[in-house]
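The entries follow the order in which I looked things up.

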Amino acid sequence: MKRRDFLTSAMGASAAVGASVVSGAAQAANLPSVKWRLASSFPKSLDAIWTAAPQLAQRVAQLTDGKFDIRPFAAGEIVPGLQVADAVQNATVEVGHTASYYYVGKDATFAFDTTLPFGMTSRQQNAWMYSGGGLQLMREFFKGYNMTSFPGGNTGTQMGGWWRKELKSLADLKGLKVRIPGFGGKIMAALGAVPQTIAGGDIYPSLEKGTIDAAEWVGPYDDEKLGFQKVARFYYYPGFWEPSAMLSFFVNLDAWNKLPKTYQVAFEVAAAEVNLTMQAAYDAKNPAALGRLLKSGAQLRIFPRDLLDAAYVEAEKLYAQECKSNPRFKKVFESWNRFRNDQANWFRVAENAMATYTPRTK
């Protein structure tokens, strides 16, 4: 190509790009100003989870030249943390950031959007949601509640919580009062423990006074903030009832359908970014937090094998019972279970082998 032809071509391309930018700016200028409120289920003190809400709002604003304004509110500022789904469904707010399994009392099917005992890790959950049909199944379910949903972060595999006494076998679980909600609580009850539902702010004093014998929360970074190691020194793993914990953005369906397509795309992009960066934050912060907990006196323990095996059996029984009584649960479970089994087989080949390899050096 001759220099003159090259310059002419380059100038033409530059003009085309400039025209595109001007056209995009003009299009943005013609879009309406939209103001939404976002209710989070989480307090600002749990920064790794809470940050998802302002991060989403900031990115959406940046992608829409500030025309789409989402104002985030922490738990309790508009509605209590466990009432976020109701607030979105009833259009008290347009969007919420929450954990779907908080609402299994409405329908056990909600749990698939977060996690189930002996379910999938965060990577496997993302694979099912984005590429295995999970997102479509859950959105179909959420339509019945006048909502749509978007993955909005993950804590990764959680810890098994803080225990005042050491567990040496399944028999040691009998009669212990354990703070654990949802499916995990049902499994603990089947194994002989007494599950308790206690708000996060009440866990520490309950452990300190001996009102409860154990409590699960999230993992090292969040657990350290609540100081559990001061009153219950045995720190167990893995949290088999939460092999991952996916958070979600619930959006009122009527409000969503009124958005310009450009704003819908901006929201989807921002939510996907949050889903990625929250897991990264936990993976980066948990190792150091665990180290500090161990230095302060926490004693790391793995659950006894007979306890884990018995818990797995009870979980499968629970799923079979729920499938018989709840057709919505059964529909999602069939997809989820096939995907879970395929993922387990694949991860066993490469991922698990690599993760558990210990180099032998002279």
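I began with the term for strand partners: two strands pair if DSSP finds at least two bridges between them. Helices (H or I, at least four residues) and strands (E, at least two) are DSSP runs, numbered from the N terminus. This is a predicted model, where local features need pLDDT of at least 70, side-chain atom pairs count only at pLDDT 80 or more, and totals for chains, interfaces and linings use all residues. Residues are numbered from 1 along each chain as its sequence is written, and side-chain values use heavy atoms, with hydrogens and water left out.

**Entry: the sheet of 6 strands**

I traced an open sheet of 6 strands. Its order is E7-E6-E8-E5-E9-E11, and the pairing is mixed. The edge strands are E7 (194-196) and E11, each of which pairs on one side only.

I then went through some of the partners. E5 (residues 161-163) and E8 (residues 214-215) run antiparallel, joined by 2 bridges. There, Trp-163 has Ala-214 of E8 as its bridge partner. E5 also runs antiparallel to E9 (residues 234-237), with 3 bridges between them. I found Trp-162 opposite Tyr-235 in E9. E9 and E11 (residues 299-302) run parallel and share 4 bridges. Phe-234 has Gln-299 in E11 as its bridge partner.

**Entry: the sheet of 5 strands**

I looked up a second open sheet, with 5 strands in the order E2-E1-E3-E10-E4 and mixed pairing. E2 (68-73) and E4 stand at the edges with a single partner strand each, so one side of each has no neighbour in the sheet. From one strand to the next the twist averages 25°. Axes are lines fitted to C-alpha atoms, for helices over the stretch in contact, and angles run from 0 to 180 degrees between N-to-C directions.

Which way do E4 and E10 run? They run antiparallel, and 6 bridges join E4 to E10 (residues 246-252). Phe-150 stands opposite Phe-249 in E10.

I also noted what lies across these strands. H3 lies across E1 (34-40), E2, E3, E4 and E10, and runs at about 170° to E2.

**Entry: H3 with H11**

I moved on to helix packing. Two packed helices are described by the angle between their axes and the distance between the axes. H3 (residues 52-63) packs against H11 (residues 261-295) at an angle of about 140°, and the axes are 9 Å apart. That angle makes H3 oblique to H11. Under 35 degrees counts as roughly parallel, over 145 as roughly antiparallel, 65 to 115 as roughly perpendicular and the rest as oblique.

The crossing of H3 and H11 is right-handed. A crossing is left-handed if the near helix is turned anticlockwise from the far one by less than a right angle, and right-handed if clockwise.

I listed part of the contact (heavy atoms within 4.5 Å). From H3, Leu-56, Arg-59 and Val-60 are among the residues that make it; from H11, Phe-267, Glu-273 and Met-278 are among them. By class, the contact of H3 with H11 has 11 nonpolar, 2 polar and 2 charged residues. Ala, Val, Leu, Ile, Met, Phe, Trp, Tyr, Cys and Pro count as nonpolar, Asp, Glu, Lys and Arg as charged, and the others, Gly among them, as polar.

**Entry: H5 with H13**

The axes of H5 and H13 (residues 327-349) come within 10 Å and cross at roughly 130°. That makes H5 oblique to H13. H5 passes H13 in a right-handed crossing. Residues that meet here include Arg-123 and Trp-128 in H5, and Trp-336 and Phe-339 in H13. This contact of H5 with H13 has 7 nonpolar, 4 polar and 1 charged residues.

**Entry: an aromatic pair**

I counted 35 aromatic pairs in the structure. Rings of Phe, Tyr and Trp (its six-membered ring) pair if their centres lie within 6.5 Å; planes under 30 degrees apart count as stacked, over 60 as edge-to-face and the rest as tilted. The ring centres of Phe-110 and Tyr-145 are 5.0 Å apart and the planes stand at 65°, so this pair is edge-to-face. Phe-110 lies in the loop between E3 (95-98) and H5 (122-131), and Tyr-145 in the loop between H6 (134-142) and E4 (147-154), so the pair ties together parts 35 residues apart in sequence.

**Entry: backbone details**

The peptide bond from Tyr-237 to Pro-238 is cis, with omega near -10°. Pro-238 is in the loop between E9 and E10. Asp-65 is not a glycine, yet has a positive phi of about 55°. Asp-65 is in the loop between H3 and E2.
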